[in-house]
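I opened my notebook with this model on the screen and jotted down what I looked up, entry by entry. Come along and check each item as you read.

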Amino acid sequence: MIRPCTVVISGKGGTGKTTIAALLIDALVAAGERPVLAVDADPNTNLHEALGVAVTETLGSMREEAFTRSIPPGMDRMGYVRYRFHRALVEAEGYDLLAMGRPEGSGCYCFPNALLTECIETLERGYRFVIVDSEAGMEHIARGTVRSPDVLLITSDPGARGMRTASRIRNLAEALGLSRDRVYLVINRDRNVAAAGGDIPLIARIPEDPGVGDADLAGTPIVGIPEDSPARVAVRALAGWLVGECARRRG
């Protein structure tokens, strides 16, 4: 079985990571690159809202209950964690969603994290793409909960502050062992101004799109914006590039 292509979307807060992740998942599914595993790795869980699905349990809350409560008779701890893990999986048309959530409580999470990593690695074998909507840093990659990505997309607005953050994230990814040829820059809310991304290859410019702002204000799913909206068209092109790039990396 071919290993899935893992794409992590990072960047500073407020740059539209979740919007791009949701539209990218939607574009890959529409292109026939299904099934996709969507992973919401931001503690401020909201990818499900952008996709228009409901989340009732996160891996953070599941982990707390699985390791602090009594397990059912006849089931060992590892079996119970695997059972709860699959319960946390939200099944949708063409993709599944896992919300990492925020760990609660205190103490060492080495064993729970290792088991969750095992569950994710076992689960992801059935997918063509794994799209990770990450928090601003690289914590999940550093902990090993999310595997080292095939492609790291760093999102930024065109401003100098966002570009400096993008460079810091790239440097951190490199320090964690990710080669530079896997790191790319995505400019979101592009206003056709020059953007200095340093030596991070610029792979996509996502235009300012009133439809995205309207969806945010109305609290409706981002994936509901029109098919010909500027952001959707740009992300569809990005999805096409990712399909080709991941095929090339698979050899």
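Entry 1: I began with a pairing: serine 10 has isoleucine 154 in strand 6 as its bridge partner. Before going on, I noted that this is a predicted model, in which local features need pLDDT of at least 70 and side-chain atom pairs count only at pLDDT 80 or more, while totals for chains, interfaces and linings use all residues. I also noted that residues are numbered from 1 along each chain as its sequence is written, and that side-chain values use heavy atoms, with hydrogens and water left out. Helices (H or I, at least four residues) and strands (E, at least two) are DSSP runs, numbered from the N terminus.

Back to the pairing: strand 1 and strand 6 run parallel and are joined by 5 bridges. Strand 1 is also joined to strand 5 (residues 129–133) by 5 bridges, again in parallel. There I found isoleucine 9 opposite aspartate 133. For two strands to count as paired, DSSP must find at least two bridges between them.

Next I asked how many residues of strand 1 are buried. I got 7 of its 7, where buried means under 20% relative accessible area, exposed over 50% and partly exposed in between (1.4 Å probe, protein chains only). In a regular strand the side chains alternate between the two faces of the sheet. Here both faces are covered, with Cys5, Val7, Ile9 and Gly11 buried on one side and Thr6, Val8 and Ser10 buried on the other.

Entry 2: I traced the order as 3-4-2-5-1-6-7-8, an open sheet of 8 strands with mixed pairing. Strand 3 and strand 8 (202–207) are at the edges with a single partner strand each, so one side of each has no neighbour in the sheet. Valine 90 has leucine 97 in strand 4 as its bridge partner. Helix 9 packs on the sheet and touches strands 1, 5, 6, 7 and 8; the helix direction makes about 160 degrees with that of strand 8. Contact here means heavy atoms within 4.5 Å, and axes are lines fitted to C-alpha atoms, for helices over the stretch in contact, with angles from 0 to 180 degrees between N-to-C directions.

I then stopped at glutamate 91, which lies in strand 3 (residues 90–91). Is glutamate 91 buried or exposed? Glutamate 91 is exposed, at 67% relative accessible area. Its C-alpha is 9.0 Å from that of valine 53, 38 residues away along the chain.

**Entry 3: helix 7.** I looked up residues 160–175, a helix of 16 residues reaching 23 Å from first C-alpha to last, close to the expected 22 Å. That expected span is 1.5 Å times one less than the number of residues. Gly162, Met163, Thr165, Ala166, Ile169, Arg170 and Ala173 are buried in helix 7. They lie on the same side of the helix, because they cover an arc of only 160 degrees around the axis, taken from the directions from the helix axis to the C-beta atoms. On the other side, Ala160, Arg161, Arg168 and Ala175 are exposed. The buried residues pack against strand 1 (5–11), strand 6 (151–156) and strand 7 (183–190). Glycine 177 follows helix 7, with a positive phi near 100 degrees.

**Entry 4: one aromatic pair.** I found 1 aromatic pair in the structure. My cut-offs: rings of Phe, Tyr and Trp (its six-membered ring) pair if their centres lie within 6.5 Å, with planes under 30 degrees apart counted as stacked, over 60 as edge-to-face and the rest as tilted. Tyrosine 184 is buried at 10% relative accessible area, whereas tryptophan 241 is partly exposed at 24%.

Entry 5: Most residues other than glycine have a negative phi, and most peptide bonds are trans. Arginine 189 has a positive phi, near 55 degrees; this residue is in strand 7. Arginine 34 and proline 35 are joined by a cis peptide bond, with omega about 0 degrees. Proline 35 sits in the loop between helix 1 (17–30) and strand 2 (36–40).
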